[in-house]
Amino acid sequence: MAKTITAPRPPALVRELTRAERWKIRGPLLPALIFTILLTQLPFLLTLIYSFQSWSLLSNKPAQFNGGANYLTTVQDEIFWRSIGNTGVMTGVSTVACIVIGLLLALLLNHTFPGRGIARTLAITPFFVMPVAVTLFWRSAMFDPGFGLLGWFSRLVGLPAISWLSEYPMAALIILLTWRFTPFAMLILIAGLQSAPQEQLEAARVDGAGPLRQFRFILIPHLRPYIELAALLLAMNLIQTFGEIALLTAGGPAFGTTNITYYIYLKGFNGFDFGTASALGIAALLITIALVLPALRLLSGIFQKEGRR
Amino acid sequence: MQIGPQRTKAAARVLAVTAAGALLAGSFTACSTDNKGGTAGGDVTINVALAANPQMKTAESLISDFEQKNPGIKVKFTTLPENDLRPAVTKDVATKAGQFDVAMMGSYEVPIWAKNNWIIPLEDYATKDTAWKKDDLLEPIKDIVSSDGKLYGAPFYGSSSFLFYRKDLAQKAGVTISQTPTWEEIAAAAAKMDDKANGTSGICLRGLPGWGQNLASLTTVINTFGGRWFDEQWQPQLTSPETTKAVQFYVDLLREHGQADAAKDGWEGCLQKMSQGTTAMWYDDTVFAGSVLNQATPAVKENLGFAMAPTGPADIKSGWLWSWGLGITSSSKNPDAAWKFISWVTSPEYIKLAGEKSGWDSIPPGSRTSTYELPEYKKATAAYADLTLDSINAANPTQPTKDKVPYSGVQYVQIPEFVDIGDFVSQQVAGAISGTQTVEEALKKSQDYATNAVKTAGYLK
């Protein structure tokens, strides 16, 4: 990867292209570009327009512009801020947990041992099971205090079974998300470990560095871009969690596990208040951009550093 | 800087793939719209949106009978889970997109959609189609799928709510459950039958947030405790002493003798617990009686008893009332053909056909008086058929509460804004059930939210 990035520009591209030549290159891309604009920017524009209207589908009144009333409702809406907070906690904690556990698993599975192929397959499996199946399985077979595995374990050691989904719904959701997405982090990190600089590691060993030091001073710096890439992709996936919430807790209790996606769904497709739902979506987008831009800048900084190295 | 060309190439690839996907999607949509009209050549295709429940699956499997009797009419089913059906159909009828000719809708939706002219009145069809026997429909069910006295939905099935209990566990605990119990008796019985050591809870009640989940059960309790959602001026009554007492009762009962982890269980969870024998009682929809008996363990099956919905201090009959009805969308191009299908699937003959072909305990119940006179049906459902009929006939959706209210609906408030208000309140109640807040806190927040909502909507001046 690093090599292709640092490769010098082909001389042909450096030469100034004529207008016709440029369009020759652009031309075939245009249909795709137009489609993308139609599919992504047009809906966005419509959402923006709806967000300034009072439009409840069920009331059958024609949509009317109501200034910024929807936005005022949104910023005054306690549940909106709560769902933003929930989204942050859910995404943040799950991402960190996925990376930490994924790294541990990757380190283990990077060693050669009999049955490694099977172990790897098993470790990756959670990621490929359908989210609905995973959620229903965890809901009944794991979290249920009556016949769930976790309840059985706690009774085994003489403790009362925990009502996970009532008392610790957020923790339960994070456990489920972490279980499901850890293999994804692990896959990226295994790839990173396999490209670890063997000569440096060997040199370190010759100089008497123990496994911990090798890990700390060679592997971690080497893995850094991989970890950051994994974190970005995970966060992008986790921030839009929906099915797990809908099936595990229905956003409850008392909106304790309602993230912004689920809240917009409730407003838009349960209450059919499209105006407010659109405003919620736009507000959430602005907040997300404000939070994600620094992260993206960090990441592109890494790519450039990588290029220089 | 140097990554420029590389990135452009990748971007181009992504664009190309997206475009290809979009084209593909486009052509699929084109296909499906082509299928829709179908008037060419004399053949008519009607599109029907249905909830994916067992009774409708039976209807789908028996469709050849309809197509035999009505040559020239083809029926195309779109079957969706109940939760997905509502948004899909609402979007279609509200925007007059015309995807469906026949739509299945809950009794909550029928009057709202009728008022918005999204569905057409069936009155004329029903009167002309004498074989359909309009007078045979159960009166309360007919009422909730009508608007201003006109029928808008043909009831496919109807239901109320009642109590399921285990006779053996009651006997073991030394309690008797009467046929018309009070909530006080049920709470005492739950305390006695509660056997946490053996993994059996005293009672199972819905705790899952959702206006159609915990709020349905809870609202019937509020009604029979003398509470109500709104007074006649639309002032919310969620913090009134009666409502508070009812909610406190529901939450306490659930926390003390209900199923563990109650805030996660809707009717699905309780149905499972009742069938598996991990709860001694369950208060829920009458339509689940057949389901429990079908999937129950032998010990449960032999000992399952039923009783009317428990009543509270106000002594209001507290069973709810619900129906899934079939309506014709106003955007339908083939309303006559659509009625033929509706007439077939909701007719007394169909009920007989379904009973003969797929078993008497799985016919659509609660829609017609004649169903309860069929000897085969009576025999197959002796344990609960009469009680179901009594519960439906006892429900009074136009006056569900002790004091007068400006709305109709037993376990819901018949206004479009109720989904939003109800979802909020149900979340707060779930919070109280899980113990993260007190009942007072939950109701205070709910009261504020409801007040705001009815003010914005213009009900409360």
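Select strand 1 (53-54), helix 5 (69-76), helix 6 (78-109), helix 15 (260-270) and helix 16 (274-308) of chain A, then helix 19 (418-434) and helix 20 (439-457) of chain B: each supplies at least two residues of the lining of the second largest pocket. Helices (H or I, at least four residues) and strands (E, at least two) are DSSP runs, numbered from the N terminus. This is a predicted model, in which local features need pLDDT of at least 70, side-chain atom pairs count only at pLDDT 80 or more, and totals for chains, interfaces and linings use all residues. Residues are numbered from 1 along each chain as its sequence is written, and chains are lettered from A in the order in which they are written.

Next, show A:Thr73, A:Asp273, B:Asp420, B:Ala453 and B:Thr456, which lie nearest the pocket's centre among 37 lining residues. A pocket here is an open set of points on a 1 Å grid over the protein atoms alone, where a 1.4 Å probe fits, with protein on both sides within 12 Å along at least five of seven lines; lining residues have an atom within 4 Å of a point. Helix 20 of chain B gives the largest share of the lining, seven residues.

Now move to the open sheet of five strands in chain B, order 2-1-3-10-6, with mixed pairing. Strand 2 (73-80) and strand 6 (154-159) of chain B each have a single partner strand, so one side of each lacks a neighbour in the sheet. Two strands pair if DSSP finds at least two bridges between them. Select strand 10 (residues 322-328) of chain B: its pairing with strand 6 of chain B is antiparallel, over five bridges. There, B:Ser323 is the bridge partner of B:Gly158.

Note on methods: Side-chain values use heavy atoms; hydrogens and water are left out.
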